[in-house]
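Dear colleague,

I am handing over a structure that will be new to you, and below it I have set out what was found in it. Please read the notes with the structure open beside them.

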Amino acid sequence: MFDNSISLAGEVALVTGASSGLGAHFAKVLAGAGANVVVASRRIDNLHSLVQEIESNGGSATALKLDVTQHDSEKEDSISQVIENTENIYGPITVLVNNAGVSDSARFVNTTEESWDFVLDTNLKGAWRVAKAVANRLLALKLKGSIINISSILGMRVAIGESAYAVSKAGLAQLTKAAALELGHKGIRVNALCPGYFKTELNADFFDSEKGRAFISNTPAKRLGRYEELSWPMLLLASDAGSFINGACIPVDGGHLVSSL
Ligand SMILES: NC(=O)c1ccc[n+]([C@@H]2O[C@H](COP(=O)([O-])OP(=O)(O)OC[C@H]3O[C@@H](n4cnc5c(N)ncnc54)[C@H](OP(=O)(O)O)[C@@H]3O)[C@@H](O)[C@H]2O)c1
């Protein structure tokens, strides 16, 4: 008989950028499937509320402060502290959702050095830092794991005013494949979800505007995504249901990428 249940019982999941939007949703989904979840980002108050919500629904979660851009080994290193604290609380991280991300829209010719560095350092280098650190722990402990990078359909196509963001997400898609190639045979799968548009703090101003509504009405689905439409794709990649999926970048976009030329 085909077993259609998905359980993450015994898994330890780290979700970066869990203080709002998609990251908070992913944390709830993983906890709902039985994983012990560490929710991490800079806004610790938001994380505490999320932990309360998860616990009141019977799940297990812990909030830890994390800045994915903080990497100077001379100073306090946010990433290695989160990994160490997680191991002390739950054990080694076996599922990583590299979700922390920012955008800073500007036309290509107006993009500043600061803006470029801010977006690339968070979305690409930050994800690389966390994935590398988690993968090294899994290798050292000879454990299997699943790394899920949250890229974007803007990693596959471009849009006006989003050059830095699109480059960061395309880089993350390539990082996903490169890491998958090297880690797959060690039992560590590395995949990416590439969401289309979902209303979050990142883009709410735009989608609440006339221009935003017009933009969405021109997409194949003619609507924004609903958070729950990312739940099963996340669980597929996080669990053994996706045991032979490695190096994949999966769009969840209502067909936005196949919009007509
Ligand atoms: N919404 C969409 O339509 C969409 C589409 C495609 C891809 N995505 C991607 O999905 C991910 C989540 O975005 P969202 O839409 O849910 O936006 P959001 O609500 O603004 O969430 C972004 C999260 O990233 C965290 N973050 C930002 N900088 C960080 C840093 N230096 N260190 C640690 N955490 C940091 C923020 O937490 P703190 O401020 O507390 O640190 C926040 O929790 C992003 O990678 C985004 O690019 C979103």
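Helices here are DSSP runs of H or I with at least four residues, and they are numbered from the N terminus. Ser168 is found in one of them, helix H5. Please bear in mind throughout that this is a predicted model.

To stay with Ser168 for a moment: is this residue buried or exposed? Buried means under 20% relative accessible area, and Ser168 has a relative accessible area of 0%, so it counts as buried. Leaving aside residues up to four places away in sequence, Ser168 touches Val119, Leu120, Asn123 and Leu124. Ser168 lies 43 residues from Lys211 in sequence, and the C-alpha atoms of the two are 25 Å apart in space.

Helix H4, which covers residues 113-141, packs against helix H5, residues 163-183, at an angle of about 15°, and their axes are 8 Å apart. Angles under 35 degrees count as roughly parallel, and H4 and H5 are therefore roughly parallel to each other. Their crossing is right-handed. On the H4 side the residues that meet H5 include Trp116, Val119, Leu120, Asn123, Leu124 and Trp128, while those on the H5 side include Tyr165, Val167, Ser168, Lys169, Leu172 and Leu175.

A second pair of helices is H1 and H8. Helix H8 spans residues 231-238, and H1 and H8 pack at an angle of about 60°, with 10 Å between their axes; they are therefore oblique to each other. H1 passes H8 in a right-handed crossing, and the contact is made by His25, Phe26, Val29 and Leu30 from H1 together with Ser231, Met234, Leu235 and Ala238 from H8.

Turning to the strands, S1 (residues 12-16) is mostly covered, since five of its five residues are buried. In a regular strand the side chains alternate between the two faces of the sheet. In S1, Val12, Leu14 and Thr16 point one way, whereas Ala13 and Val15 point the other way, and all are buried.

Which strands are joined to S1? One is S2, residues 36-41, which runs parallel to S1 and is joined to it by five bridges, with Val12 standing opposite Asn36 of S2. Another is S4, residues 95-98, which is also parallel to S1 and is joined to it by three bridges; here Val15 stands opposite Val97 of S4. Helix H1, residues 21-32, belongs to this part of the picture as well, for S1, H1 and S2 make a right-handed β-α-β unit.

Lys142 is found in the loop between H4 and strand S5 (145-150), and its phi is near 55°, a positive value in a residue other than glycine. Lys222 is found in the loop between helix H7 (210-217) and H8, and it has a positive phi of about 60° although it is not a glycine. Exposed means over 50% relative accessible area, so Lys142, at 77% relative accessibility, counts as exposed, and Lys222, at 58%, counts as exposed too.

With best wishes

Definitions and conventions:
Residues are numbered from 1 along each chain as its sequence is written. This is a predicted model: local features need pLDDT of at least 70, side-chain atom pairs count only at pLDDT 80 or more; totals for chains, interfaces and linings use all residues. Side-chain values use heavy atoms; hydrogens and water are left out. Buried means under 20% relative accessible area, exposed over 50%, partly exposed in between (1.4 Å probe, protein chains only). Helices (H or I, at least four residues) and strands (E, at least two) are DSSP runs, numbered from the N terminus. Two strands pair if DSSP finds at least two bridges between them. A crossover is right-handed if, with the strands pointing away from the viewer, the path from the first strand over the helix to the second runs clockwise. Axes are lines fitted to C-alpha atoms, for helices over the stretch in contact, and angles run from 0 to 180 degrees between N-to-C directions. Angles under 35 degrees count as roughly parallel, over 145 as roughly antiparallel, 65 to 115 as roughly perpendicular and the rest as oblique. A crossing is left-handed if the near helix is turned anticlockwise from the far one by less than a right angle, and right-handed if clockwise. Contact means heavy atoms within 4.5 Å.
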